[in-house]
Amino acid sequence: MARFHLKILCSLLVLCLFHAGNNISVAKAARLNILTSFLPIYIFTKNVVGSRAGVDVTCLLPPEVDPHDYHMRPSDMKKIVSADLIIINGLGIEDFLVEILAEGRTKDTLLESSMGLPLIRGDNNGNEHHHYDDEYNPHTWVSPKMAALQVKNIAEFLSKADPEGRGEYLENAKKQIKVFEILQNEFLQNIKPLSSKKIVTFHRAFDYLARDTGIEILDVIYRSPGEEPSAGQLSSLIKLMKKNDVRLIFTEPQSTSKLPAIIAKEAGAEVFKLDPVSTGEFREEYYIEAMRKNMTILVEVLRKQSLR
């Protein structure tokens with residue numbers, strides 16, 4: 001009931017206060033206030049904006065909070081209403097936010113940065129998602145190749161909202177995309193020669209990274225956030241790992257689940273951590289640092305598995 005009342009309150013505030021915001025004019029405003037949804041989108045946007053004067057980039061979620069765990073608070077509405085532009089990932093990862101924005105934002109003031117990207121539909125093992133938008137995997141940002149496309153979308157969006165800054169936005173985006181392309185190529189060069197590329201992951205956060213770098217995700221432990229796997233599913237996973245001689249399980253720093261360790265013990269596997277960069281630090285370099293660390297870990301353990 002409390003959530004229902006909050007939704008009504010948010011909707012009323014949006015309808016009343018967003019009307020003026022839908023017709024923003026950068027030339028008339030002293031500042032351009034950009035609100036991003038969570039950490040990676042903040043970092044991408046911050047890098048595109050660079051040092052452009054008069055443009056402020058903030059983030060709705062604290063850097064240590066994962067979007068899977070977040071619930072809107074009444075105080076968040078002040079940030080949303082005061083924002084000239086809002087940039088999100090999209091595909092339902094910000095399901096706490098999408099319904100509210102849909103009632104008061106237009107395509108000129110709201111960007112889903114995953115728009116137009118080559119997406120992965122449903123579950124690679126033939127099961128459909130029962131979270132997010134129930135159609136596509138939303139973890140686009142975890143692949144440098146996809147992140148580069150999101151940065152391009154963000155730069156084009158900001159260029160339309162602030163035409164005078166177009167040159168800066170596009171140049172900053174070009175630099176960021178180059179960094180992502182170099183990292184993408186390093187992933188490919190290091191992983192392609194390996195004979196064993198199969199892994200098990202905690203959940204579907206790394207599907208895009210796997211697709212774009214040649215890694216094969218044999219299976220996942222959690223098919224949906226908060227949905228515990230059954231004993232039968234765990235037993236099948238262990239049998240599958242043994243059959244395919246896969247001894248690598250990747251969990252995430254955001255997780256406290258003990259299941260990966262239990263499965264590893266039964267399957268004769270080891271557990272390592274990969275960071276989906278959904279949480280971390282509000283630093284422009286944090287995303288690339290975290291993804292380079294992911295690459296180092298992946299390449300090192302896959303090499304060992306290939307030599308067995």
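Predicted model: local features only at pLDDT ≥ 70, side-chain atom pairs only at ≥ 80, totals over all residues.
Reader: Why is His203 called buried?

Author: The relative accessibility of His203 is 8%, and buried means under 20% relative accessible area, so His203 counts as buried. His203 lies in the loop between strand S5 (198-201) and helix H7 (207-213).

Reader: What makes the pair formed by the side chains of His203 and His139 a polar contact?

Author: The two side chains make their polar contact at 3.5 Å, and the term asks for a pair of N or O atoms within 3.5 Å, of which one must be able to donate a hydrogen and the other to accept it.

Reader: Why is Asp245 called partly exposed?

Author: Asp245 has a relative accessibility of 39%, and since buried means under 20% and exposed over 50%, with partly exposed in between, Asp245 therefore counts as partly exposed. Its place is in the loop between helix H8 (231-243) and strand S7 (248-251), and its phi is positive, near 55°, although Asp245 is a residue other than glycine.

Reader: What is the phi of Val277, and is Val277 buried or exposed?

Author: Val277 is not a glycine, yet its phi is positive, at about 60°. Most residues other than glycine have a negative phi. The relative accessible area of Val277 is 0%, and the limit for buried is under 20%, so Val277 is buried. In the chain, Val277 lies in the loop between strand S8 (270-273) and helix H10 (286-306).

Reader: How many of the 308 residues of the chain count as buried?

Author: Of these 308 residues, 53% count as buried, in a chain whose secondary structure comes to ten helices and eight strands.

Key. Residues numbered from 1 in each chain as written. Heavy atoms only, no water. Helix = DSSP H or I, 4+ residues; strand = E, 2+ residues; numbered from the N terminus. Buried < 20%, exposed > 50% of the residue type's maximum accessible area, 1.4 Å probe, protein only.
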